Amino acid sequence: MAPSVPGVNSESIYRVYWLYWRLLAVDLKWHPVFRLPLDILINFLVTLWYPLLLLIELVSQTSMGILFKNLPITTACIFCSFKIICFRWKLPQIKKIQKLLEELDKKAVSEEECQYFETKTRRGANVVLKTFLVFYSSTIISSTGLILLGNERELLYPAWFPYDVQASAFNYWLSFLYQSIGGSFIVVQNLINDTYVPMTLCVLSGHVKMLSMRMNKMDTKETLIAGIEDHRKLIEIIGLLRQTLSLPQLGQFISSGINLSTVLLYIVFFADNILDIVIYVVHFLAIALELFPACYYGSVLTMEFYELTYAIFSSDWIGKNRQYCSSLLILMQLTLREVTIKAGGMVIIGMNAFFTNMRMAYSLFTLAMTFK
């Protein structure tokens, strides 16, 4: 009987993600004559030049208060460029991962699997996409709006320019326009960087769960072979993810650690009014929100792989022939191995990494309070 819910379709979840890439002139179907100049222009003006201007302004500061105030946005922009370069470098692996996920989609045909995908996997991935979209878009819109409604000529972010920004209205509006448009592209880059990891881990953990459902019902040689093949594809995806996420997620952990510490130090030593404290407390929570989804779904993925062994053991294997049981035992042995993805080959992407970052920030906060 055909399922009463839509079939499993991982490709539909990634449509918005690929739209973000096309906004950066990547993966466009345009002729190279038009696409390449636009691609080079965006990469030079946004990926390279934008964080460089912030960094030059940062290192020229003599006031510690202003230094700590500007450090979070500068760090965020530098690591945003680092992560987008890493993901751009690994685009072939990203496309191969999606192709393997689409192959696994075809194996999930039961109503139970389709229902799980719709209510858990798709919903979880959509929450990640919408949360980051609302957060990042509201940030750039509110920042731009506050400047436009203000009475003074202020830039979105403190940055160095090779001319006097305040010398004329033209200079100011040129600089403001560059920061506004460049900031919008930075938002798109951040959406690519920060949504891919939790979204993919969510979809992959859903496929592991659906494989567990199928393995629980294995009772023939054909279903066993299909289960072995699906497990092989999942392990292949894990291998590709380890290659793809190692550097960008390490950059994410380093960036979050620096920014969490900097924000707390600014609150303790330099914030001199309630508004500043509120703004930077919200900024602290935003950094935590940026880190949490990837760590959460990293832990979910590991737990779902743990469940495969129990699902295999719970299948109908009693009374089967020796060859079937031997193959089943080998498959069980393969599923006993812990499956994790490490950032930089060192830090497991999971809730332990998230709480370690939070504990380090809290330890720094308590230490700073003793010196205040």
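Visitor: What makes up the chain in terms of helices and strands?
Guide: The chain has 11 helices and two strands, where helices (H or I, at least four residues) and strands (E, at least two) are DSSP runs numbered from the N terminus. Along the sequence they follow the pattern α-α-α-α-α-α-α-α-α-α-β-β-α. This is a predicted model, in which local features need pLDDT of at least 70 and side-chain atom pairs count only at pLDDT 80 or more, while totals for chains, interfaces and linings use all residues. Residues are numbered from 1 along each chain as its sequence is written, and side-chain values use heavy atoms, with hydrogens and water left out.

Visitor: Why is Phe79 called buried?
Guide: Buried means under 20% relative accessible area, with exposed over 50% and partly exposed in between (1.4 Å probe, protein chains only). Phe79 has 17% relative accessibility, so Phe79 counts as buried. Of the 372 residues of the chain, 49% count as buried.

Visitor: Where does Phe79 lie, and what is Phe79 in contact with beyond its neighbours within four places in sequence?
Guide: Phe79 lies in helix H4 (residues 64–89). Leaving those neighbours aside, Phe79 is in contact (heavy atoms within 4.5 Å) with Gly251, Ile254, Ser255 and Ile258. The C-alpha atoms of Phe79 and Pro248 are 8.5 Å apart, although 169 residues separate the two along the chain.

Visitor: Why are H5 and H7 called roughly parallel?
Guide: The axes of helix H5 (residues 91–105) and helix H7 (residues 169–216) come within 11 Å and cross at roughly 25 degrees. Angles under 35 degrees count as roughly parallel, over 145 as roughly antiparallel, 65 to 115 as roughly perpendicular and the rest as oblique. H5 is therefore roughly parallel to H7.

Visitor: Which residues make the contact of H5 and H7?
Guide: H5 supplies Ile94, Ile97, Leu101, Leu104 and Asp105, and H7 supplies Tyr196, Thr200, Val203, Leu204 and His207. By class, the contact has seven nonpolar, two polar and one charged residues.

Visitor: What residues touch the most other members of the largest nonpolar core?
Guide: A nonpolar core is a set of buried Ala, Val, Leu, Ile, Met, Phe, Trp, Tyr and Cys residues joined through side-chain atoms within 4.5 Å. The largest one has 108 residues, and Tyr14, Tyr17, Trp21, Tyr196 and Leu241 touch the most other members. H7 gives the largest share of this core, 20 residues.

Note on methods
Axes fitted to C-alpha atoms, helices over the stretch in contact; angles between N-to-C directions. Nonpolar A, V, L, I, M, F, W, Y, C, P; charged D, E, K, R; others polar.
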